[in-house]
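Please read each point with the sequence and the model in view.

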Amino acid sequence: MVQKAELTPRAELEEAAARCRAVLDAVNNVILGKENLTRLVFATVLARGHVLLEGLPGLGKTVLAKSVAATLGLKFSRVQFTPDLLPADITGSYVLESQADGRQMRFCPGPVFTNLLLADEINRASPKTQSALLEAMSERQVTQLGTTMPLEEPFCVLATQNPIELEGTYPLPEAQLDRFACKIDVTGTDRDVLRTIITTRKDGRPTLPGQILERAAVLKLQAMADEILIPQAIAEHISSLVAVTSPENKEAAEDVRRIVKYGASPRAAIWLAQVCKGLALIDCRPAVGFEDVREAGPAVLGHRIILQHAARLDGESGRALALRLIDANEKRIIGT
Amino acid sequence: MGMGSRPTGAGPEQPGPLESLKRASRRYRRSRSAFRFFCRLTHLAAPGVVAVITLAFLSKLLWPPLLQALWLMPFWVAAAAGYLIARGSEWRISAWRADALADVASGSQGTFMALAEARGEDWASGVRRLDVPLRAGVPLRQIGTWAAALAAVMAVMLLPDMRPPRARAEIAVTPLTRMEDLVATVKEAELVEESYVERAQEVLEEMKRDEAPSLTAADWQALDGLREELKRQLADGERRFLEQQRTLASLRNLMQEMKGLTEEEVQRAAELLASDEARETVQQLAKAAELSAEELDELMKKCASGQRAFSDKELAFLRSLCTGGGLSPDQLQQLGQCLAGMDAAELAGLCQRMGLGELSPEEVVRLLKACKAGKAGFNAGDAESLRKMIAAAECMSGEKAGCCSGLCARLGLNPCSGERPGRGGVTRGPGPAALEGSGQTGTDFGEFEDEKFTGNLGEADVPLGFALSPPEEAPAPDAAGGDQPGPAVQFGAGNERITWHSRLLPRHNDVMKNYFGQPTIEDSR
């Protein structure tokens with residue numbers, strides 16, 4: 001008889017969830033009216049993933065990144081991506097220094113050597129510079145002049161990009177996009193939130209939250225998120241969901257075959273499961289549920305589903321398609 | 001507390017949400033699996049069921065034996081069910097799927113699924129109870145499909161057959177087979193003309209080759225005609241053989257009963273007795289007749305002197321010597337005609353079977369030729385052989401007549417002699433009557449030969465049933481319209497009034513009495 005796995009003890013998980021709630025409460029006090037956004041960003045951080053925030057200027061993307069970094073007590077770096085930014089400006093470079101015993105090459109680490117990197121307006125840098133982040137994001141290490149230097153855990157990139165003012169920008173290539181666990185659309189705030197903002201903030205600037213956690217606690221939360229159980233039904237749901245996004249798959253729906261050019265990669269399934277675990281941890285649940293997939297799925301899959309040009313012109317989006325696929329697949333899994 | 005009553009305290013303990021959800025999940029899993037099995041079975045078996053029903057419908061219209069295909073339907077459904085059972089993954093709901101549904105339906109957000117797959121008792125309180133039971137659904141469409149299929153089967157079964165079933169065809173074929181057997185028997189017994197038998201066999205073969213499952217009206221008509229013709233020919237054969245038997249019997253009796261010899265016969269015997277060539281034959285015949293040498297010499301003298309007074313022993317010897325058993329040449333020719341159609345080998349075999357002694361076919365052929373030629377002068381052995389042959393031929397004729405009668409009985413209920421096609425009244429046989437333009441009576445009067453009446457009418461021993469001479473007390477002449485007796489009075493053969501046959505009602509007797517002046521039968525009593 002197969003021995004059943006042991007769920008995370010309830011007390012431990014409740015304590016972890018309480019910490020998560022504290023962090024989220026602090027962030028939500030700064031970023032008003034965007035609880036779902038902050039939940040997803042924090043869940044991605046717990047999943048050791050990277051987040052790409054896309055939205056119009058002034059929606060609080062940078063503030064969100066700063067707030068998360070502040071509450072988690074992590075080292076924070078910010079890089080404002082510009083067209084003339086060079087890879088060495090991110091990863092760091094060797095400089096020739098005069099020492100007592102002569103001149104030596106010394107590595108000056110770039111802003112990537114941090115825990116939480118805010119890559120602001122990432123699409124304004126050249127592809128070469130954007131690619132400088134590839135190794136750091138996936139391998140969590142930087143190689144300079146043949147020397148590989150690991151990045152400190154936790155490492156999370158929060159990148160932002162502006163969907164307008166596309167002139168002079170370099171859209172992220174698919175390989176780069178795939179490195180981001182989630183791509184979250186930051187939408188506008190409603191009237192009540194705006195009223196609160198302008199009435200409570202005297203100089204208009206948000207007050208950054210204080211530190212709630214420290215680095216070790218974040219690492220422990222990430223470890224606990226790994227222990228969250230993925231039930232068989234959810235595993236089937238996630239795997240088949242990612243599989244049916246590919247038009248070559250025989251089980252793919254007709255509209256997928258029609259409008260999708262490339263489907264999601266296996267990395268999408270990995271990140272989806274991880275982000276769902278983070279959401280379950282935040283909600284103090286021992287296992288991932290269908291709601292987690294429904295919540296994280298569009299953000300994880302939306303930017304990985306590459307649509308046909310015609311479909312884009314028709315107003316289709318990967319996110320909307322992912323939502324439809326999630327609903328359909330969930331019905332298929334539970335047989336309703 | 002009475003039996004069966006429940007304790008009035010706390011009711012049965014309600015299962016916890018986790019246990020309740022597990023039960024609901026199991027129940028749902030079973031019912032949903034059954035639902036899916038039924039749906040898949042319907043989907044899989046429907047084409048076959050439709051095909052079988054269509055086949056049954058067409059068989060009703062075209063070929064009823066194909067209706068047996070309806071039996072294929074249960075087997076088809078069973079085969080589909082067996083296939084589905086073997087491939088359980090196609091319809092069986094896995095436990096994790098049922099648990100997932102229960103989890104979603106209860107809003108447990110993965111906790112129930114986690115507890116179903118992992119241990120963690122402290123999480124049991126995180127499971128929520130179902131607000132509404134899980135329902136697997138009712139396969140109404142599939143049930144409707146099966147109901148429609150059953151209705152279609154019943155409708156097909158209730159449809160009348162558009163073509164006769166195989167059983168009817170078999171019944172129709174039976175007379176054909178029976179007629180074939182009969183014709184074969186007739187051919188074997190050589191009772192009917194061979195050319196007609198061959199033609200009849202050709203007709204029957206043609207009917208048999210016809211692919212129609214049943215006999216047509218023309219076939220029935222042909223069979224009927226064939227039967228009538230066979231019956232006619234067999235009846236003729238029966239009459240012929242019976243007549244032959246009678247003739248042979250009379251000849252046999254004649255041979256036995258003839259006592260005297262004619263003058264020519266005596267002369268012929270004297271010549272034979274004096275002849276040296278026939279000496280040996282004479283010696284053998286004398287030995288057979290138990291005549292001594294002295295008696296033989298005396299007989300030779302009698303014959304030479306023309307005397308006619310012979311003893312019985314001498315008469316038998318002479319008859320066997322010179323007259324061929326005592327038959328005249330005319331009678332021998334008649335015998336030859338009777339035996340003309342008989343097989344020599346069969347006659348010889350029949351003689352042996354009857355215990356009449358050895359008679360070879362060659363001997364029979366020789367005798368038949370001699371009879372046809374009307375040759376007299378058989379020797380003693382020839383006469384004996386002739387007697388044997390007549391006896392065997394008589395037996396054979398009887399057998400042939402019996403065979404004809406039996407075959408006639410197979411052809412119809414009435415014997416041949418009483419049933420002729422188109423002839424007679426109540427015994428009229430089936431079949432077409434000859435268009436002779438002479439009423440119902442044909443011209444074949446062979447069986448009623450005219451006989452010359454030689455006896456005295458008054459002494460006739462035949463019960464005629466009516467008076468042939470007037471009675472002593474004739475009724476009133478005006479009443480009978482002449483000298484003939486009236487219809488109410490009949491007389492016996494001795495001219496006596498034997499009885500009064502009154503066909504009148506009692507109340508009419510007085511009228512008759514007053515009119516004729518004679519007592520009625522009631523008065524005579």
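This is a predicted model: local features need pLDDT of at least 70, side-chain atom pairs count only at pLDDT 80 or more; totals for chains, interfaces and linings use all residues.

**Note on cores, strands and cysteines**

1. The largest nonpolar core comprises 102 residues, and those with the most contacts inside it are Val41(A), Phe42(A), Leu72(A), Ile184(A) and Leu281(A). Helix H11 of chain A, residues 266-282, gives the most to this core, contributing eleven residues. Another core lies apart from it, with 23 residues, including Val186(B), Ala200(B), Met207(B) and Leu407(B).

2. Leu72(A) deserves a separate look. Leaving aside residues up to four places away in sequence, Leu72(A) touches Val23(A), Phe42(A), Val45(A), Leu213(A), Glu214(A), Arg215(A) and Val218(A). One of these, Phe42(A), is also listed with Leu72(A) among the residues with the most contacts inside the largest core.

3. Chain A contains an open sheet of five strands with parallel pairing, in the order S3-S6-S9-S2-S10. Which strands are at the edge? They are strand S3 (76-80) and strand S10 (182-186) of chain A, each of which pairs on one side only. From one strand to the next, the twist averages 20 degrees.

4. Within this sheet, S3(A) runs parallel to strand S6 of chain A, residues 116-120, and five bridges join the two. As an example that can be located in the model, Gln80(A) has Asp120(A) in S6(A) as its bridge partner. In general, the strands of a sheet pair through backbone hydrogen bonds, in either a parallel or an antiparallel sense.

5. The antiparallel sense is found in strands S4 (residues 92-99) and S5 (residues 102-109) of chain A, which pair over eight bridges. S4(A) and S5(A) form a hairpin, with two residues between them. Here the bridge partner of Tyr94(A) is Phe107(A), in S5(A).

6. How many disulfides are there over all chains? The count comes to zero, where a disulfide requires two cysteine sulfur atoms within 2.5 Å.

How values were computed
Residues are numbered from 1 along each chain as its sequence is written. Chains are lettered from A and ligands numbered from 1 in the order in which they are written. Side-chain values use heavy atoms; hydrogens and water are left out. A nonpolar core is a set of buried Ala, Val, Leu, Ile, Met, Phe, Trp, Tyr and Cys residues joined through side-chain atoms within 4.5 Å. Buried means under 20% relative accessible area, exposed over 50%, partly exposed in between (1.4 Å probe, protein chains only). Helices (H or I, at least four residues) and strands (E, at least two) are DSSP runs, numbered from the N terminus. Contact means heavy atoms within 4.5 Å. Two strands pair if DSSP finds at least two bridges between them. Axes are lines fitted to C-alpha atoms, for helices over the stretch in contact, and angles run from 0 to 180 degrees between N-to-C directions.
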